[in-house]
Amino acid sequence: MLTKLTILGKSDVTIAMMLDILESLNLFPHITIVNNLNLPIEHLFDNKKFKWNMVTTVPEDLTGPVVVGAIHSNTKMKIVDVFGDNHNFVNLIHSTSSISSTTKLGKGVMINDNTSISAHTTIGDFVSLNRNASIGHHSVIENFVNINPGAIIAGHTTIGQGSKIGMGAMVLD
């Protein structure tokens with residue numbers, strides 16, 4: 001059972017999506033947000049089911065589950081570069097997503113609601129799949145990719161590292 005979670009970086013929109021995923025799984029861990037740039041809160045995290053605190057440095061005893069608190073590829077790369085990739089990065093997968101048992105998932109993956117991932121697909125590290133995205137069979141999604149809502153990736157397709165696929169886009173092999 002997930003009792004605590006550390007989020008490295010602070011994107012209000014990304015954190016809101018993470019809370020939605022956790023709530024879909026009926027998980028309500030204590031959340032520590034590492035806001036090392038001391039960015040202001042633009043949108044209040046107003047879900048009362050979660051307890052959270054914000055710090056400006058990584059806790060010295062960071063041994064539990066960790067996620068990257070950003071959605072944009074370049075920002076995720078910078079966060080991993082600053083904090084390192086040797087933490088216990090976990091995947092957040094919404095309960096309404098459908099993922100084939102033959103899919104291989106990297107670490108730090110965030111999969112939003114109603115996402116479909118077909119057979120024999122490989123999803124790299126720190127990939128974000130937004131709601132209603134569909135990934136076809138035998139596809140490869142490399143590290144730090146961001147696939148926006150409603151995008152459709154056909155089978156036998158490779159999406160290169162750091163790519164961003166726009167909302168509603170259709171990518172053919």
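Predicted model: local features only at pLDDT ≥ 70, side-chain atom pairs only at ≥ 80, totals over all residues.

Visitor: Okay, cores then. Which residues touch the most other members in the largest nonpolar core?

Guide: I7, L22 and I31 do, in a core of 16 residues. The elements giving two or more residues to this core are β1 (4-8), α1 (12-24) and β2 (30-34). The largest share is from α1, with six residues.

Visitor: And what does L22 touch?

Guide: Leaving out residues up to four places away in sequence, L22 touches L2, L5, L27, P29, I31, F50 and L92. There's also another core lying apart from that one, with 15 residues, including I135, I141, A151 and I159.

Visitor: Switching to α2. Which of its residues are buried?

Guide: In α2 (residues 73-83), S73, K76, I79, V80 and F83 are buried. Looking down the helix axis, those buried residues fall within an arc of 125°, so they line one face.

Visitor: What's exposed on the other side of α2?

Guide: N74, K78, D81 and V82 are exposed there.

Visitor: And what do the buried ones pack against?

Guide: The buried residues of α2 pack against β1, β2, β4 (65-68), β12 and β15 (146-147).

Visitor: I was eyeing V127. Where does it sit?

Guide: V127 is in the loop between β11 (122-123) and β12 (128-129).

Visitor: Is V127 buried or exposed?

Guide: Buried: its relative accessible area is 0% and the cut-off for buried is under 20%. Not counting residues up to four places away in sequence, V127 touches K76, G108, V109, M110, I141, E142, N143, F144 and V145.

Visitor: How far apart are V127 and S73?

Guide: C-alpha to C-alpha, V127 and S73 are 8.3 Å apart in space, though 54 residues separate them in sequence.

Visitor: Now the rings. How many aromatic pairs are there?

Guide: The structure has three. In one of them, F28 and F50 have ring centres 5.2 Å apart and planes at 55°, so that pair is tilted.

Visitor: Where do F28 and F50 sit?

Guide: F28 is in the loop between α1 and β2, and F50 is in the loop between β2 and β3 (51-55), so the pair ties together parts 22 residues apart in sequence. F28 is partly exposed at 32% relative accessibility, while F50 is buried at 6%.

Visitor: What about F89 and F126?

Guide: Their ring centres are 4.9 Å apart and the planes are at 90°, so F89 and F126 are edge-to-face. F89 is in strand β5 (residues 88-89) and F126 is in the loop between β11 and β12, 37 residues apart, so this pair links distant parts of the chain. F89 is buried at 8% relative accessibility, and F126 is buried at 3%.

Visitor: Which residues form one aromatic cluster?

Guide: F89, F126 and F144.

Visitor: Last topic: what's the strand order in the five-stranded open sheet?

Guide: The order is β7-β10-β13-β16-β19, with parallel pairing. The edge strands, each pairing on one side only, are β7 (98-99) and β19 (170-171).

Visitor: How many bridges hold β13 and β16 in their pairing?

Guide: Two bridges, between residues 134-135 of β13 and residues 152-153 of β16. In that pairing, S134 stands opposite I152.

Key. Residues numbered from 1 in each chain as written. Heavy atoms only, no water. Core = buried A, V, L, I, M, F, W, Y, C linked by side-chain atoms within 4.5 Å. Buried < 20%, exposed > 50% of the residue type's maximum accessible area, 1.4 Å probe, protein only. Helix = DSSP H or I, 4+ residues; strand = E, 2+ residues; numbered from the N terminus. Contact = heavy atoms within 4.5 Å. Pairing = 2+ DSSP bridges. Arc of directions from axis to C-beta. Phe/Tyr/Trp six-rings, centres within 6.5 Å; stacked < 30°, edge-to-face > 60°.
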